[in-house]
Number of protein chains: 2
Amino acid sequence: MDLETDASNTRRRGAELEDALLDAAWSELTEKGHAGLTFDAVAERARTSRPVLYRRWPDKETLVLAAIRHHYDTEPIDPPDTGTLAGDLRELLRIASERRVEMAVMLSAQLAGLFSEAGMSLAEVRGRLIGQGTVWNSVILARAAARGEIDLDVVPERVQNLPFDLMRHELLMTNAKVSDEFIDSTVDGIFMPLVQHYMGRSSG
Amino acid sequence: MDLETDASNTRRRGAELEDALLDAAWSELTEKGHAGLTFDAVAERARTSRPVLYRRWPDKETLVLAAIRHHYDTEPIDPPDTGTLAGDLRELLRIASERRVEMAVMLSAQLAGLFSEAGMSLAEVRGRLIGQGTVWNSVILARAAARGEIDLDVVPERVQNLPFDLMRHELLMTNAKVSDEFIDSTVDGIFMPLVQHYMGRSSG
DNA sequence: TCGTTTAGATACACGACTGTATCTAAATCA
DNA sequence: TGATTTAGATACAGTCGTGTATCTAAACGA
């Protein structure tokens with residue numbers, strides 16, 4: 001319905017066109033899901049025709065992967081820096097909540113067999129797409145470690161990832177923005193007590 | 001390919017036929033996912049024809065919902081009773097891991113818009129289908145409370161559900177059976193420490 | 001045993017999407 | 001400015017699934 005940006009009537013080419021195509025594909029993905037995405041709809045949304053798409057991506061799978069990659073390149077997430085681990089966590093969880101559609105997109109692609117055909121699990125895809133060494137939560141954890149709030153050698157990795165795992169789970173289950181109570185109880189009621197437990201309760 | 005049970009050549013009717021149809025639908029769901037399920041394939045798998053299906057379920061949505069419901073009715077889960085909370089938890093997580101396909105089915109249905117069209121989140125559907133008051137984990141928690149291992153008024157609900165939330169998350173992310181290490185670290189490294197924390201460390 | 005129900009086979013019209021071919025005209029570059 | 005590239009429009013054949021109609025014979029009930 002609402003066509004993408006650029007209402008000019010000049011003919012687009014190269015990178016400009018490709019961006020518009022991938023943006024349109026991403027929008028279709030978030031709105032219709034992987035199963036509901038068609039070359040037809042993407043072309044129409046980008047105000048062009050199917051051949052233009054087929055010249056670049058031979059099938060749905062490559063198009064979807066390109067669209068996901070393009071989205072993450074275009075809209076990077078930068079980790080917050082509030083001064084405390086708990087504060088950073090709360091903020092990061094809030095950001096994740098805002099961008100929850102992305103999770104749904106990945107998941108629907110996963111369940112549609114897109115990744116499993118390539119023998120990849122969602123976790124692996126996530127690692128491939130997002131975590132090129134620099135994952136957001138590792139940034140805020142490293143800062144907290146530098147401040148002496150947490151010892152990353154003592155607190156198990158499972159615990160370090162816990163807030164994000166729980167957030168991801170919540171997003172998948174509720175399909176909606178998470179509440180502040182959820183974020184608070186995750187940080188203050190689950191994560192921090194565990195950190196204290198592993199840090200020997202000395203910092204409390 | 002492999003047709004369902006009952007290789008007789010008599011013509012099925014009533015409940016017997018309906019069971020076969022829903023079984024076939026469930027199998028298709030687990031193998032092809034919601035998006036990949038067709039009346040055609042279900043009919044063939046049940047060794048019958050499409051009209052037989054259409055006479056009962058007008059569209060894919062009702063068929064899928066009926067198949068899910070039927071599956072849970074036919075294959076109930078009974079909570080383990082090992083004598084300790086940690087033992088029960090480990091066992092229940094193991095069972096959940098075995099039956100992980102069900103989670104994928106629900107999720108793919110969710111993301112295909114089946115439930116969201118009805119305005120329901122996965123959590124609500126899960127509650128509707130599974131938890132008619134008697135949820136498995138509440139059973140083992142209640143037993144543990146009776147033994148004095150845990151005080152359900154003191155340990156927050158979020159924490160009580162934590163092992164299952166984490167298991168569900170793990171299943172969705174990895175698409176595979178979880179490892180024993182995962183189960184152990186969930187129970188011994190996360191859940192039990194939190195229980196101790198909320199129980200005031202008095203039971204340690 | 002006869003009548004009613006209904007399973008199962010087959011056929012058909014229809015729609016949505018795919019993937020390619022063909023043509024035009026706009027953008028770009030030498 | 002003229003040649004080359006390529007966007008965008010259109011058309012078409014082919015596939016797959018839907019939903020319904022029609023017919024037959026099997027199962028069942030009185």
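Which element gives the largest share of the surface near DNA strand C? That share, 3 residues, comes from α3(A). The model is a predicted one, in which local features need pLDDT of at least 70, side-chain atom pairs count only at pLDDT 80 or more, and totals for chains, interfaces and linings use all residues. Residues are numbered from 1 along each chain as its sequence is written, while chains are lettered from A and ligands numbered from 1 in the order in which they are written.

DNA strand C is surrounded by 20 residues. A residue counts as near the strand if its C-beta atom, placed from the backbone, lies within 6 Å of it. The closest are Thr10(A), Arg11(A), Thr38(A), Phe39(A) and Thr48(B). Two or more residues each come from α2 (39-45) and α3 (50-54) of chain A and from α3 (50-54) of chain B. By class, the surface near DNA strand C has 6 nonpolar, 4 polar and 10 charged residues. Here Ala, Val, Leu, Ile, Met, Phe, Trp, Tyr, Cys and Pro count as nonpolar, Asp, Glu, Lys and Arg as charged, and the others, Gly among them, as polar.

Chain A has 11 helices and 0 strands. These elements are DSSP runs numbered from the N terminus, with helices being H or I of at least four residues and strands E of at least two. Of its 204 residues, 30% count as buried. A buried residue has 20 or more other C-beta atoms within 10 Å of its own, an exposed one 12 or fewer, and a partly exposed one a number in between, with C-beta atoms placed from the backbone. Among the contacts in chain A with a separation of 6 or more, 60% join residues 24 or more positions apart. A contact requires C-beta atoms, placed from the backbone, within 7 Å.

Chain A is assigned domain 1 (3-71) and domain 2 (77-203). The bounds come from an automatic or database domain assignment. The domain centres, taken over C-alpha atoms, are 30 Å apart. In chain A, 9 residues of domain 1 are in contact with 7 residues of domain 2. On the domain 1 side, α1 (14-36) and α4 (60-74) of chain A each give two or more residues. The largest share, 5 residues, comes from α1(A). This side of domain 1 divides into 4 nonpolar, 3 polar and 2 charged residues.

Val178(A) lies in the loop between α10 (157-174) and α11 (180-198) of chain A. Val178(A) is partly exposed because 19 other C-beta atoms lie within 10 Å. Beyond its neighbours within four places in sequence, Val178(A) is in contact with Ser97(A), Met167(A), Glu170(A), Leu171(A) and Ile183(A).

Between the chains, 30 residues of chain B are in contact with 30 residues of chain A. On chain B, two or more residues each come from α1 (14-36), α6 (100-111), α8 (122-129), α10 (157-174) and α11 (180-198). The largest share, 9 residues, comes from α10(B). The chain B side has 16 nonpolar, 11 polar and 3 charged residues.

Chain B superposes on chain A by a rotation of 180 degrees with 0.0 Å of shift along its axis (RMSD 0.1 Å). This is the relation of a two-fold axis. The superposition is by least squares on C-alpha atoms of residues with pLDDT of at least 70 in both copies. In chain B, His169(B) comes closest to the rotation axis, at 2.6 Å (C-alpha). The same surface serves both copies, as 100% of the contact residues of chain B recur in chain A.

Key. Two residues are in contact if their C-beta atoms, placed from the backbone, lie within 7 Å.
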